[in-house]
Amino acid sequence: MMMPAQDMVLAVTAGVADMGRVLDHTWTHLLGNAQESPLPPSAATEALWVRCAGLTLPVPEILTSPPLRNMQAHFTFDPNSEGWEAATLTVTGERGTLVLDGPTPNTVRFTLNAWEEQTLDTWGTTVALTVRTGWQADGTLALTLLLIEDGARWEVRWPAPDAPLSAQLCAPHHGEGHTLSARASTLGA
């Protein structure tokens with residue numbers, strides 16, 4: 001949205017059902033408080049700068065010496081609303097895949113210590129995705145799957161061989177705390 005009178009551009013990347021509400025908030029809170037000059041120095045201005053500077057998205061930490069450089073693990077999901085039935089996680093050197101089996105099979109590709117863009121077929125549509133993967137200090141393999149146009153992300157965690165795999169959907173518009181669990185299994189079991 002272009003607002004030339006205010007010298008502003010607003011770009012919204014979120015899968016919200018009520019975009020009108022977003023625009024109402026934009027008009028009320030953003031445009032309603034816009035002014036021609038910068039904010040004067042104050043405690044509130046400083047607090048806003050600190051808050052904005054601290055906005056980050058946690059991403060998997062990368063260990064230079066991964067605990068497992070080559071591995072493959074298989075998982076069976078508990079019944080879930082995504083329809084995911086099983087998963088296979090494979091790491092070979094710096095590259096890997098997370099294969100999700102269900103009504104629409106998907107393969108998520110990743111490179112350790114790098115963002116990788118791709119698509120994922122889910123919720124009856126194809127979504128743009130960027131993935132970052134890394135080994136955590138505690139030995140957990142962590143994958144962050146950002147749904148670029150949806151404002152949501154999946155946080156996938158595998159703490160250790162023979163441990164369950166968890167996948168948490170982080171998306172206020174889909175419901176926070178939506179976590180899927182998959183137990184370690186043998187291929188085809």
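Let's start at a turn: β8 and β9 form a hairpin with five residues between them, and Gly-139 in that turn has a positive phi of about 95°. Helices (H or I, at least four residues) and strands (E, at least two) are DSSP runs, numbered from the N terminus. This is a predicted model, in which local features need pLDDT of at least 70 and side-chain atom pairs count only at pLDDT 80 or more, while totals for chains, interfaces and linings use all residues. Residues are numbered from 1 along each chain as its sequence is written, and side-chain values use heavy atoms, with hydrogens and water left out.

From the turn, follow the strands themselves. Strand β8 (residues 125-135) runs antiparallel to β9, with seven bridges between the two; strands count as paired if DSSP finds at least two bridges between them. Along this pairing, Val-131 stands opposite Leu-145 in β9. On to the next neighbour: β9 also pairs in the antiparallel sense with strand β10 (residues 152-158), again over seven bridges. Here Leu-147 has Ala-152 in β10 as its bridge partner. The hairpin of β9 and β10 has four residues between the strands, and Gly-151 takes a positive phi near 75° in it.

Buried means under 20% relative accessible area, exposed over 50%, and partly exposed in between (1.4 Å probe, protein chains only). Leu-141, Leu-143, Leu-145 and Leu-147 point one way from β9, and Ala-142, Thr-144 and Leu-146 the other way.

Next, have a look at Trp-158. Together with Leu-98 and Leu-165, Trp-158 has the most contacts inside the largest nonpolar core, which has 32 residues. Such a core is a set of buried Ala, Val, Leu, Ile, Met, Phe, Trp, Tyr and Cys residues joined through side-chain atoms within 4.5 Å. Not counting residues up to four places away in sequence, Trp-158 touches residues including Trp-135, Gly-139 and Leu-141; contact means heavy atoms within 4.5 Å.

Finally, turn to helix α1 (residues 19-30), where Thr-26 is found. Thr-26 counts as buried because its relative accessibility is 8%. Leaving aside residues up to four places away in sequence, Thr-26 touches Leu-10 and Leu-31.
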